[in-house]
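Keep the 3D view open as you read.

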Amino acid sequence: MRDPDAPRLPSSPGFWRSPLRGPWFTSVLGLVLLVGVTVLFVTGLVSYAAYNPGLSPVNDKTPDKGVLGFYLFAWPTDPHWLYRLNQGVHVTLGITLIPVLLAKLWSVVPRLFALPPARSLAHALERISLLLLVGGALFQFVTGVLDVQLDYVFPGSFYPLHFYGAWVFFAAFVAHVLLRMPTALRTLRHPREEGNDLVSPRPAEPTASRRGALWFVGGGSLLLFATTAGQNFDGPLRRTALLAPHGGGDPGSGPNGFQINKTAAYAGIDAAETGEDAWRLTVTGRTGTVRLSRDELLRLPLYSAALPIACVEGWSTSDQWWRGVRLRDLAALVGYGADPPDVFVGSLQRSGAFREAALRANQVADPRSLLALYVNGEELSLDHGHPARIIVPAAPGVLNTKWVARMTFGDL
């Protein structure tokens with residue numbers, strides 16, 4: 001039966017009775033999140049830069065971004081696994097930190113209800129940063145997990161929501177760290193429980209130690225890591241990624257047997273329009289326009305490159321062996337020699353995000369950047385972009401346009 005003398009309001013100090021709450025427990029979780037969230041934010045900015053957002057509006061889904069839309073460099077093509085590593089770390093670490101985040105929120109929940117709302121200016125700033133931090137953290141992690149699961153149930157596009165949400169969350173995070181870090185470090189060096197607002201004045205009987213609780217949180221994080229990280233690898237290890245859509249699913253066998261995001265049916269691609277009689281590649285540049293059939297492309301010099309596919313959701317494949325026409329050779333057909341420009345690429349896909357994409361001049365110039373016609377020794381399947389697709393080292397998967405119909409070279 002409930003104790004008749006127990007406080008009934010969450011704002012009462014004795015309402016929260018767990019003996020596990022305390023400054024040491026909260027400080028340890030906070031330091032883990034300090035490192036983890038910083039890595040998430042940096043890898044998120046790097047992922048944003050990989051889209052080359054200043055190149056063309058088609059690549060940038062964050063309208064009216066203002067000063068927040070900066071990026072530090074033109075996205076490189078070396079090492080070719082750069083985006084695969086960055087996005088694998090970003091997504092896998094984000095999911096792994098979920099138990100730590102939930103435990104941290106649980107550990108400080110009494111402060112969310114504490115009265116009065118503000119005892120001083122510093123306390124008011126801390127409370128505001130805490131509210132923004134909690135709301136921002138939940139928003140970022142929830143939208144990130146939904147995107148990884150391909151559940152696009154957002155009230156808008158994932159890209160601007162996650163982008164703007166990241167800035168709000170990280171600003172609150174930095175403010176909170178500046179306000180609480182000195183206290184957290186003192187607590188870890190000299191643990192003290194007396195007089196702390198997280199310690200219940202009426203603690204219940206303990207059922208676990210604080211160190212045991214930390215082991216429990218760590219075990220949850222390890223379990224999420226083990227059931228997510230495999231989506232970055234091929235073979236049996238991918239089947240361990242039970243929480244990732246591109247983990248355990250069977251992509252089939254043969255040269256085209258590797259993961260994809262969009263099937264031809266999903267993208268509305270009619271097989272008839274990709275046939276030899278119907279499909280033509282339109283290439284436009286300084287000297288005009290040429291139209292090439294697949295047979296005419298095959299008569300051009302063909303080159304090979306071993307490159308992975310890596311997507312924003314965190315999944316990737318190992319290197320696949322692509323063969324096709326170099327992008328810089330296509331640029332040469334329309335008047336560009338040793339110094340090819342940017343290119344705008346359009347797909348047969350008529351609707352949906354990233355049916356068009358832009359690539360920087362350094363990506364066009366790289367000898368491994370191809371209009372691929374074959375993969376692993378066989379013609380591309382329709383789902384993998386037949387009759388032709390873009391493959392560029394270190395580029396996000398959505399910029400490796402499938403079912404290419406037109407390419408326009410020039411400064412964008």
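Here is a short tour of a helix pair, the pockets and the cavities.

## Before we start

Keep in mind that this is a predicted model.

## Two helices side by side

Take helix H1 (residues 23-50) and helix H6 (residues 210-226): their axes sit 10 Å apart, at an angle of about 25°. That angle makes H1 roughly parallel to H6. The crossing of H1 and H6 is right-handed.

So who touches whom? On the H1 side you'll find Trp24, Phe25, Val28 and Leu29, and they meet Arg210, Arg211, Ala213, Leu214 and Val217 of H6. Sort the residues of this contact by class and you get seven nonpolar and two charged, with no polar ones.

The largest pocket holds about 750 Å³ of space. It has 33 lining residues, and Asn261, Lys262, Tyr266, Ala353 and Val398 are the closest to its centre. Helix H5 (158-189) and helix H7 (264-267) are the elements that give two or more residues to this lining.

Next comes the second largest pocket, with about 380 Å³ of space. Its lining has 21 residues, and Pro110, Arg111, Ala114, Asp197 and Leu198 lie nearest the centre. Helix H3 (98-112) and helix H4 (121-148) each give two or more residues here, and H4 gives the most, with four. By class, this lining has 11 nonpolar, four polar and six charged residues.

How many cavities of 30 Å³ or more does the structure hold? There are three. The largest cavity has a volume of about 710 Å³. Among its 36 lining residues, Gly44, His90, Gln140, Phe158 and His162 lie nearest the centre. H1, helix H2 (82-96), H4 and H5 each give two or more residues to this lining, with H5 giving the most, eight residues. The lining divides into 22 nonpolar, 10 polar and four charged residues.

The second largest cavity has about 480 Å³ of space. Of its 29 lining residues, Thr26, Gly30, Lys104, His176 and Arg180 lie nearest the centre. H1, H3, H4 and H5 each supply at least two residues, and H5 gives the most, with nine. This lining has 19 nonpolar, seven polar and three charged residues.

Notes. Residues are numbered from 1 along each chain as its sequence is written. This is a predicted model: local features need pLDDT of at least 70, side-chain atom pairs count only at pLDDT 80 or more; totals for chains, interfaces and linings use all residues. Side-chain values use heavy atoms; hydrogens and water are left out. Axes are lines fitted to C-alpha atoms, for helices over the stretch in contact, and angles run from 0 to 180 degrees between N-to-C directions. Angles under 35 degrees count as roughly parallel, over 145 as roughly antiparallel, 65 to 115 as roughly perpendicular and the rest as oblique. A crossing is left-handed if the near helix is turned anticlockwise from the far one by less than a right angle, and right-handed if clockwise. Contact means heavy atoms within 4.5 Å. Ala, Val, Leu, Ile, Met, Phe, Trp, Tyr, Cys and Pro count as nonpolar, Asp, Glu, Lys and Arg as charged, and the others, Gly among them, as polar. On a 1 Å grid over the protein atoms alone, a cavity is a set of points where a 1.4 Å probe fits but cannot get out, and a pocket is an open set with protein on both sides within 12 Å along at least five of seven lines; lining residues have an atom within 4 Å of a point. Grid points are joined across faces, edges and corners, and a volume is the space filled by probe spheres set on the points.
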